[in-house]
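Open the model in your viewer and get ready to click through it with me. We'll go stop by stop, with something to select each time.

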Amino acid sequence: MIELVNLHKSFGDKEVLKGISTQFADGKTNLIIGQSGSGKTVLMKNIVGLFTPEQGQILYDGRDFVRMTQKERVMLRREMGMIFQAAALFDSMSVLENVMFPLDMFSDMNREDRIKRAKFCLERVNLKGAEEKFPGEISGGMQKRVAIARAIALNPKYLFCDEPNSGLDPKTSLVIDDLIHGITQEYNMTTIINTHDMNSVMGIGEHIIYIYEGELEWTGTKHDVMSSTNERLTSFIFASDMLRKVRDANK
Amino acid sequence: MFLIKSITKFGKYLCLMQRVMSLPERWRMFFKQYIKEMSTLGVDSIGIVLLISFFIGAVICIQIKLNIASSWMPTMVTGYTTREIMLLEFSSSIMCLILAGKVGSNIASEIGTMRVTQQIDALEIMGINSASFIILPKIAGLVTMIPMLVIFSIVFGLVGAYTTACAGVISVEDLTVGIQYDFNQWYVFASIIKSIVFAFIISSVSSFHGYFVEGGSFDVGKASTNAVVSSSMLILFADIFLTQLLA
């Protein structure tokens, strides 16, 4: 389980995270939602260690990430997989090499087994046959799927996704959401997704936290969202005309 | 203010180099990258080095003949001077200045693009020392290849001079005598030592500029330009000290 305790982060005079405390459940798809500029990405970057908070604790199964030694951090990071907003695939490597990369770096498998494992991960994300292509030659949706395959190559315990649906059409977004959700359940991972895509919220949001101007405003599940009376949350969720109509029709 | 900024930058550079100079996590991956960098930074630069060295060698020979050679000078002075210029300055310092433009901008823009497209973050998340993984093979690759480029440059500079001799600017015999006159082997080694220092400057300074890019493609371009300017200036400063030190 990942637990945040009183997390603070500032850039100069601007306080971006103002004492966030929450828990992310094991084996579930946890969503961080909020408007652009609310601090979602900063929060995620703190959780994965790309930023260091000024105050607070980030507990991975009770171990404080902020106070770990470099060696302990490296060991913990090998249990993490991350899917970036822009996929962050290595341009100079083919799709297969990208997925093989974590295996090349950290596994003791022989080359044949590494290839086999990479191909298995690519098949899992329905990308059989794209092994020899380069990231520049495939679509945005396929890049995201390669990123998912790379992230799960080492069977991580924690999966982080920073706006995995940004720049994708609604249909492809659903495919990516289903993939992430399916993989989370299959491997019993703790998955945290940063998003402001309402389809994701309503589709895979098993545990949702809503961030408003750097503060934790609301926590619940996708079922709680519709009935929430939190004004800030409802004005964010139902900013979409279509969702408002769905809510009114349900009433 | 400028001084504080410069000292801060230098400190940041030293911290980066400390991270870079750590043992690779996987030697197999390091050698793979190392071979690739030798090819990208070294082998791919052979063409431009040969071309420029050939023409500069030819032009130096013509200029010396036109401006220095006279009836008061021995006939071999043109060959002798051409050799000394190529050996002592052009093939190490000037060639490295040219390479700072080609290789330096290549390194800074490649690493800068990796930074803005979050590829470096992806490495960090995997628990990889991104500085060492990306930069160390580049430094090692260029430092390994530079002595070869220096030798090629010296040889092709002299080939250029011979071409002018064959075209009738001076006699081939005079040029040959001049090139062989009072030859000091140490100059070749001094030239190689200088170039190795310059190669380290080009690769490390350019990597530094690329690694700390913040923003988008505009900033990558700016980092690339800064990398070339900083490397060139440092090469010029280092040249003064090294020339004195190795004389």
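How many helices and how many strands are there in chain B? Color chain B by secondary structure and you'll find nine helices and zero strands; helices (H or I, at least four residues) and strands (E, at least two) are DSSP runs, numbered from the N terminus. Before going on, a bit of housekeeping. Residues are numbered from 1 along each chain as its sequence is written, while chains are lettered from A and ligands numbered from 1 in the order in which they are written. This is a predicted model, where local features need pLDDT of at least 70 and side-chain atom pairs count only at pLDDT 80 or more, though totals for chains, interfaces and linings use all residues.

**Stop 1: all of chain B**

Along the sequence the pattern reads α-α-α-α-α-α-α-α-α. The C-alpha atoms of chain B fill a box of roughly 70 × 45 × 30 Å along the principal axes.

**Stop 2: helix H6 of chain B**

Select residues 130–166 of chain B, which are helix H6. Its 37 residues reach 53 Å from first C-alpha to last, close to the 54 Å expected at 1.5 Å a residue; the expected span is 1.5 Å times one less than the number of residues. Now zoom in on B:Ile146, where H6(B) bends by about 30 degrees, with a proline, B:Pro147, following within four residues. That bend is the angle between axes fitted to the seven residues ending there and the seven starting there. H6(B) is mostly covered, with 26 of its 37 residues buried. Just after H6(B), check B:Gly168: it takes a positive phi of about 100 degrees.

**Stop 3: the sheet in chain A**

Hop over to chain A, which has an open sheet of six strands in the order E6-E7-E8-E3-E9-E10, with mixed pairing. Strands count as paired if DSSP finds at least two bridges between them. Why do E6 (80–83) and E10 (215–220) of chain A each have one side without a neighbour in the sheet? They stand at the edges, each with a single partner strand, so one side is left without a neighbour.

Pick E3 (residues 29–33) and E9 (residues 207–212) of chain A: they pair in the parallel sense over four bridges. A:Ile33 stands opposite A:Tyr210 in E9(A). E6(A) and E7(A) also pair in the parallel sense over four bridges, and there A:Met82 stands opposite A:Phe160 in E7(A). Show side chains on E6(A): A:Met80 and A:Met82 point one way, A:Gly81 and A:Ile83 the other, and all are buried.

**Stop 4: where the chains meet**

Show both chains. Here 14 residues of chain A are in contact with 13 residues of chain B, contact being C-beta atoms, placed from the backbone, within 7 Å. Helix H2 (70–77), E6 and helix H3 (95–106) of chain A each supply at least two residues to this side of chain A. H3(A) gives the most, with three residues.

**Stop 5: helix H3 of chain A**

Stay on H3(A) and look for its buried residues, among them A:Val95, A:Leu96 and A:Phe101. What covers the buried residues of H3(A) includes helix H4 (111–124) and helix H5 (140–152) of chain A.

Technical notes: Buried ≥ 20, exposed ≤ 12 C-beta atoms within 10 Å, placed from the backbone. Contact = placed C-beta atoms within 7 Å.
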